[in-house]
Amino acid sequence: MPIESSGTGTLPGLATDRPTAVIFDVGRVLYDWDPRILYRRLITDDRALDAFLRDVVTTEWHFQHDAGRDFADTSAELVALYPQHRELIAAWGPRFGESIGDPIAGMHELVAELDSAGVPLFAITNFSHEFWPPFRARESALFDRFRDIVVSGNEKLVKPDPAIYRLALARFGLEPGQAVFIDDNQANIDSAAALGIHAMHFTDEATLRPQLRALGLVA
């Protein structure tokens with residue numbers, strides 16, 4: 001029988017091996033992330049802030065960076081459409097790190113616990129190839145625990161494309177059933193589960209911990 005966790009998004013009949021490694025998403029699993037965290041510092045009027053994030057610096061626009069496009073190109077295109085917001089748009093690149101908030105409660109401690117237990121740790125993150133290096137350096141205390149991290153902007157592949165999971169598994173030296181994948185996005189979970197990965201839909205550490213305990217990965 002497949003190993004399943006209630007409410008995780010694992011699809012029956014696929015992941016049949018006992019997992020030995022954990023693959024994490026980064027944004028909204030290990031760290032809070034929201035463009036509002038940055039722009040509420042720059043736009044004091046709430047209605048103007050809502051409109052800017054709805055119409056100008058949208059998550060759909062930012063997704064281009066995760067897919068490998070350069071900020072210089074995407075920002076020039078956006079400024080051409082919204083020249084009145086030139087300075088606010090330009091801030092997104094050099095100040096992207098300010099859109100990343102606090103660590104998700106309990107998750108860094110859980111990562112440390114898994115690492116101390118000898119569980120191989122990896123990550124697959126939708127992240128710009130330009131924005132990732134400074135963030136990785138800033139948070140080295142956490143990411144040094146990871147054996148490898150696949151960054152979508154480097155590969156020009158983004159979750160939930162199955163190709164990024166296949167690439168990651170090959171790079172990590174894992175069969176699908178050997179891996180637990182943890183992500184907050186249901187589409188990403190469904191895509192991983194379809195390949196036979198033990199996929200867990202993340203909500204919080206208190207829910208995740210017993211799921212990992214059931215698999216024998218954490219005490």
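In this predicted model, arginine 28 is partly exposed, at 36% relative accessibility. The residue sits in the loop that joins β1 (21-24) to β2 (31-33). Its phi is positive, about 70°, although arginine 28 is not a glycine. A second residue of this kind is lysine 156, which is not a glycine and has a positive phi near 55°. Lysine 156 belongs to the loop between α9 and α10 and is exposed, with a relative accessible area of 58%. Most residues other than glycine have a negative phi, and most peptide bonds are trans.

The loop between α9 (152-155) and α10 (162-172) also holds proline 160. The peptide bond that leads from lysine 159 into proline 160 is cis, with omega near 15°.

Helix α2 spans residues 46-55, and Leu49, Phe52 and Leu53 are buried in it. These residues cover an arc of only 90° around the axis, and therefore lie on the same side of α2. An α-helix has 3.6 residues a turn, so residues three or four places apart point the same way. Arg47 and Arg54, by contrast, are exposed on the other side of α2. The cover over the buried residues of α2 includes α1 (35-39) and α5 (86-91). At the N-terminal end, α2 is capped by aspartate 45, with a side-chain oxygen 3.1 Å from the backbone nitrogen of arginine 47.

Helix α12 comprises residues 205-214, of which Glu205, Leu208, Arg209, Gln211 and Leu212 are buried. Viewed down the axis of α12, the buried residues fall within an arc of 170°, so they line one face of the helix. The buried set includes Glu205 and Arg209 as well as Leu208 and Leu212. The exposed residues Ala206 and Ala214 are carried on the face of α12 that is turned away from the buried side. Among the elements that cover the buried residues of α12 are the helix α6 (107-116) and the strands β6 (179-183) and β7 (198-201). After α12 comes glycine 216, with a positive phi near 80°.

Notes:
Residues numbered from 1 in each chain as written. Heavy atoms only, no water. Helix = DSSP H or I, 4+ residues; strand = E, 2+ residues; numbered from the N terminus. Buried < 20%, exposed > 50% of the residue type's maximum accessible area, 1.4 Å probe, protein only. Arc of directions from axis to C-beta. Contact = heavy atoms within 4.5 Å. Polar contact = N/O pair within 3.5 Å; in protein donor to acceptor, adjacent residues only side chain to side chain.
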